[in-house]
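Please look at the sequence and the 3D structure below before reading the report.

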Amino acid sequence: MFARILTQNPNRLSLAQCLFFLAALGVFFSFTSPYFLSVSNINNILTASAVIGLIAVGATFVIASGHIDLSSAAVMALCGTVCAWGLQKGEWSPWIALPVSVSLGGVCGLVTGFLITLTKAPSFIVSLGMMSIARAAAYIVSHGMPIYGLPDNVITGGQGAIASVPVPVLLLLTGIFLGWVLLTQTKFGLHALILGDSVFAAEATGISANRVRLKVFGVAGLYSGMAGVLFMLRTNAGDPTAGQSYELIAITAVILGGANLFGGRATIIGTMLGVLCLGVLQNGLNLLAVSTYYQILFVGMVLLAAAFLSRVGYRR
Amino acid sequence: MKRLGFAALLLLLSLQPAFAEDRYIFILIARGNSYWTTMANGIQDEAHSKGVTSIVYNTDSATDAEQQLTICQTAIQSKPKALVMSAINASIATQCFKMAAEQGIPFADIDGAFSITDAQKAGLKMAFSVGSDNYTIGQESAQYAAKIAGKPNPKVFILEGTVGSLQARKRADGFKDKLKDLLPLSDVVASISVNFDRIKAMNATLDILQRQPDLDIVYAANDDMALGAAEAVRTLHRETQIKIIGVDGTADARKAILDGRLNASVAQLPYLMGKRSVELAIDASTSHKTGQSETTATPVLTKELLQSNSDPVLQYVR
């Protein structure tokens, strides 16, 4: 009965597979390392997954709508750098610097979405262009050097905890909740999924593909902005080189979580399970002090195993 | 798009042979990294004061060897007066310098990754090599670690650089070998590569502290990683327990040392390397001398040294 419920719904099947995979990793590491299941280590995994998690939530919307955003990590670096510049050099109040930087991410996303709509070019190419521009802008703002040493009150807040839950984890949970509401409880989320399934079907039902696309990239940009600010808070620096290849890790997490790379199917919960799989794997290998060469090997093998597992569902 | 822009830039460079005669080309590594940016500043300041044109190129990342080779090939087309490169690996250095030798362009190493001996083994007559010895840097870091450990059996965590990076390997090996000599009972609890990346270093340190809460020392093969480790230690409020040593002596690291977040950084003086490389390149282009090897100082920057400002070499710490 349970198996039938799962296999009738591709989303549930993917979630179950990802959950199984995460549980398998958890069981393996809890047997091999006595430190793995401690509360502080779980906080640790969640904290380390927060930046990638926020980018991945944004990427979920983009992938759900049938697009790819390669600019997310570069936009993240730009937002973090601008925020650090504002706080340190511009002497902005945190109440200005943080929202301005997150909004900058949204603006970058809207520009990407607008250009895709205007040129009808593939999102892959347009976002690659935005990636270059955002990264260059981050270098220009910072003069090619990380902006280190932010005001103590900002860093203490960003690296602190509320009711024993680290602030980065709270930000991640907020981002997940808002993403879940947007994707599952609003017309916008439904329209993004329909657009990803078929542009013709979406337009036939009166959905404005252009408007949805614009919103999707705007939302993804806002999440990149939040990730950028969080990255800055965690590292106490605005780093123009931050997050090299994070966009690919985020896309990997979304796909591990059961999303269809070509659109039409994606869930926020699945994405988070994908992010956690990657976070648990990295944390577990570090706890076991596995040599770097073998860490790379294990990550590759685990990703292949996950890809194989996901194909089991498609065969049905 | 990034690659297209980069290719267009290289095309422009190759289409301007008319300006080639006065230019000195310097090919460095990852842009956006404080170390290479400081070195580029040293090159440009000295070139400006000598009245020569210096063109500095950086690769996108510390591992993009193919991109560095492409930059070299295109740079040689513009017939510079001298070509100075910090090669990502020995193979790139050999290929690039062979092409320069065929064109009669003086070539040289900056940062010390490809020594005069390496060049001789490859059958190349290199003008000069200026830089610091990364193995010695590792050893100096271990000496300082042994000095501040406060016990004969400290638990040590090593943050290595990029896998395959010659500099990263030498720094880690130098540290491990010397530490074993000085403190045979010391315990290296883990040695992990986090690609010279600040947040990865922070996450790895947090992970290791779960397993090893009584950790004594973190040695990071560059300052970005050391600063990541410092943020991890600060998050857990273990500043008094865990001592952190970095390498490079960047502005960020010096600020952190003065603030008490880092214990020391073994400085490499990239600004001085950049400055000296211009002087030596001008000399090589006129005298055609070869085989000159120059090692720059690697002072251990501590709070006391920075506050006293007593070492004249500190003027090159940028």
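## Basis

This is a predicted model, in which local features need pLDDT of at least 70, side-chain atom pairs count only at pLDDT 80 or more, and totals for chains, interfaces and linings use all residues. Residues are numbered from 1 along each chain as its sequence is written, while chains are lettered from A and ligands numbered from 1 in the order in which they are written.

## Overall form of chain B

Chain B has 12 helices and 12 strands; helices (H or I, at least four residues) and strands (E, at least two) are DSSP runs, numbered from the N terminus. The C-alpha atoms of chain B fill a box of roughly 60 × 45 × 35 Å along the principal axes.

For 318 residues, a compact globule would have a radius of gyration near 20 Å, and the 20 Å of chain B agrees with this. The radius is taken over C-alpha atoms, and the globule rule is 2.2 Å times the number of residues to the power 0.38.

## The sheet

In chain B, 6 strands form an open sheet with parallel pairing, in the order E2-E1-E3-E4-E5-E11. Two strands pair if DSSP finds at least two bridges between them. Strands E2 (53-57) and E11 (292-295) of chain B stand at the edges with a single partner strand each, so one side of each has no neighbour in the sheet.

Strand E1 (residues 23-27) of chain B is joined to strand E3 (residues 82-85) of chain B by 4 bridges. Phe26(B) has Val84(B) in E3(B) as its bridge partner.

## Two domains

Chain B is assigned domain 1 (2-132 + 269-296) and domain 2 (134-267); such bounds come from an automatic or database domain assignment. The centres of domain 1 and domain 2 of chain B, taken over C-alpha atoms, are separated by 30 Å. Their contact takes 8 residues from domain 1 of chain B and 13 residues from domain 2 of chain B. Two residues are in contact if their C-beta atoms, placed from the backbone, lie within 7 Å.

## Contact with chain A

Chain B gives 32 residues to the contact between the chains, and chain A gives 33 residues. On the side of chain B that touches chain A, H8(B) gives the most, with 10 residues.

By class, this side of chain B has 11 nonpolar, 11 polar and 10 charged residues. Ala, Val, Leu, Ile, Met, Phe, Trp, Tyr, Cys and Pro count as nonpolar, Asp, Glu, Lys and Arg as charged, and the others, Gly among them, as polar.
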